[in-house]
Amino acid sequence: ARAASAALQGGEGLSLRDGSHRLRVLPATMNPAKAAADAQDVDAAAATATAAAAAATATAAATATAAETHAVMVPGLPVDVTKEELEAACKAFGEVAGIRVRRRQKRKKAYAFVTFAEARSASAALQGGEGLSLRDGSHRLRVKPAVSKTGKAAVDAQDVDAAAAATATATAAAAATATGTAIAAAAAEIYVGNIPNDLSREKLAEAFARYGRVHSARVISATPGKSFGFVTFEDPEVAEAAVARANRVLKVGDRHVVVGKSVMKSKPKKTHTNAA
């Protein structure tokens, strides 16, 4: 700007072609309408860039959230455990998208991160994973939420194959477009533990119908003699009331059931599962 001001003040002394052509310097005025149009173009470009950045941030957040809710951690494993063994044990809760095993040779122990194709399967594993075992029952499994110290999913996405990554991305996209529906459905779902192993989904729904209208019910048999289920009501308030009134009070078959809010929505695989 300072150089332009100097040119305006002293431009009369300039010339071209050995002084044969004297120069005049004038302020560079612009048509107001054109100036406004240019400003709008700049604003539009800036808005587009901002929207693109916001979309990228939202996509990254949705993907991270999906990865976290799809994964569980299985600690205290034998150091020689294989992915095949873990998949065979965990597939009772749903399709397994990927497994990462970390070994501690000095301690002769290992732990693993299991990523399910659906969040509901991870929820089922967290609720009923204590009934799982390896090697003909010689090693009992523990299942914990797979969350790192920073609060992000403790899953190495690079170790998941391309098909699993595609599944997780598709699930994240679907979750981003139906967040309200998913939250409402999850609020209306309860976990039911300590149920008879031969209980049908119809009998489970019938037992909880006394609290309100039941939308669906399903029973999961993790291991022989140990079953649990999920009941989804049409109204989230009814679900809360059922948890408060039925926990360790309601008797289903010959057992008093354990009732709690479902961690997240889940849809287990058909293996060992009766789904509504």
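## Strand 9 and its partners

In this predicted model, Ile190 has Val231 of strand 11 as its bridge partner. Strand 9 (residues 189–195) and strand 11 (residues 226–233) run antiparallel and are joined by 6 bridges. Strands here are DSSP runs of E with at least two residues, numbered from the N terminus, and two of them pair if DSSP finds at least two bridges between them.

Strand 9 also pairs with strand 14 (residues 258–261), in the antiparallel sense and over 4 bridges; Gly193 stands opposite Val258 there.

## Aromatic pairs

Rings of Phe, Tyr and Trp (its six-membered ring) pair if their centres lie within 6.5 Å; planes under 30 degrees apart count as stacked, over 60 as edge-to-face and the rest as tilted. The count by this rule is 6 aromatic pairs. Tyr111 and Phe113 form an edge-to-face pair, because their ring centres are 5.8 Å apart and their planes stand at 90°. Tyr111 is buried at 18% relative accessible area, and Phe113 is buried at 10%.

The pair of Phe208 and Tyr211 is tilted, because the planes meet at 50° with the centres 6.0 Å apart. Both Phe208 and Tyr211 are buried. Ring pairs also link Phe93, Tyr191, Phe228 and Phe230 into a cluster.

## Basis of the values

Residues are numbered from 1 along each chain as its sequence is written, and side-chain values use heavy atoms, without hydrogens or water. Local features need pLDDT of at least 70 and side-chain atom pairs count only at pLDDT 80 or more, while totals for chains, interfaces and linings use all residues.

Definitions and conventions: Buried means under 20% relative accessible area, exposed over 50%, partly exposed in between (1.4 Å probe, protein chains only).
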